[in-house]
Amino acid sequence: MKKVGIIIGSTRPGRRSKQVADWLQKQLTENDKVEFDEIDLRTVKLPFLDESGLPALGQYKHSHTREWSKLISNYDGFIFVFPQYNWGYPAVLKNALDYLSKEWKNKPVSLVTFGAHGGTQAQIAMRLVINGFHMKQLATNLQLEFSPADSIAEVDRILHTYDSVAQLLRIEFEEKLTKLH
């Protein structure tokens with residue numbers, strides 16, 4: 001079975017990324033072709049990039065980098081779930097991406113952003129990064145609109161208005177990954 005990692009790209013206290021990732025995983029797991037797992041950067045706990053060599057060489061000196069590489073290499077595709085921070089994306093997500101190189105190459109990816117305006121600017125900024133890694137961006141990329149002031153229950157209600165789009169994302173991953181092999 002193919003595997004897609006749902007990378008939770010925020011670690012800040014009070015974050016909504018985990019809530020969004022949990023909802024998304026429930027929407028995506030109704031299939032028998034692709035397994036969707038959460039990868040929480042809060043539990044991965046990578047330090048600020050501390051490898052002296054270029055990631056493209058894959059000569060990792062630190063055990064945390066080798067473990068991160070091994071984890072990411074186990075996946076056939078990714079969904080990055082992250083909020084828009086000041087017209088960009090969280091530094092912890094960029095740090096996690098920058099540790100590696102070949103592990104990301106040619107893998108399908110979808111961006112799921114959120115914020116008061118859906119995270120449009122964060123997606124624009126992240127597209128430059130995923131293009132640099134030669135990742136294959138899918139057509140379905142969610143931009144979820146809700147306010148940081150919304151309650152957990154209100155965000156849950158809003159998330160369910162996107163259920164049909166999440167199903168399109170599942171179908172796109174199934175089609176893309178079954179065509180690869």
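Reader: What does the charged end of Lys 3 sit over?
Author: In this predicted model, the charged end of Lys 3 sits over the ring of Tyr 75, at 4.7 Å from the ring centre.

Reader: And which ring does Arg 12 lie over?
Author: Arg 12 lies over the face of Tyr 85, and its distance from the ring centre is 4.9 Å.

Reader: Going back to Tyr 75, which residues do ring pairs link into a cluster with it?
Author: Ring pairs join Tyr 75 with Trp 68, Phe 78, Phe 80, Trp 104 and Phe 133 in a cluster.

Reader: How many aromatic pairs are there in the structure, and how are the planes of Phe 78 and Trp 104 set?
Author: The structure holds nine aromatic pairs. For Phe 78 and Trp 104 the centres are 5.0 Å apart and the planes stand at 70°, which is over the 60 degrees required, so the pair is edge-to-face. Phe 78 belongs to strand β3 and Trp 104 to the loop between α4 and β4, so the pair ties together parts 26 residues apart in sequence.

Reader: Is Phe 78 buried or exposed?
Author: Phe 78 counts as buried because its relative accessibility is 0%, and Trp 104 is likewise buried at 0%.

Reader: Now the strands: which strands pair with β1?
Author: Strand β1, residues 2-8, is joined to β2 by seven bridges in a parallel arrangement, and β1 also pairs with β3 in the parallel sense, over five bridges. Within these pairings, Gly 5 stands opposite Asp 37 in β2, while the bridge partner of Val 4 in β3 is Gly 77.

Reader: How much of β1 is buried?
Author: Six of the seven residues of β1 are buried, which leaves the strand mostly covered.

Methods
Residues numbered from 1 in each chain as written. Predicted model: local features only at pLDDT ≥ 70, side-chain atom pairs only at ≥ 80, totals over all residues. Heavy atoms only, no water. Buried < 20%, exposed > 50% of the residue type's maximum accessible area, 1.4 Å probe, protein only. Helix = DSSP H or I, 4+ residues; strand = E, 2+ residues; numbered from the N terminus. Pairing = 2+ DSSP bridges. Phe/Tyr/Trp six-rings, centres within 6.5 Å; stacked < 30°, edge-to-face > 60°. Lys NZ or Arg CZ within 6 Å of the ring centre and 35° of its normal.
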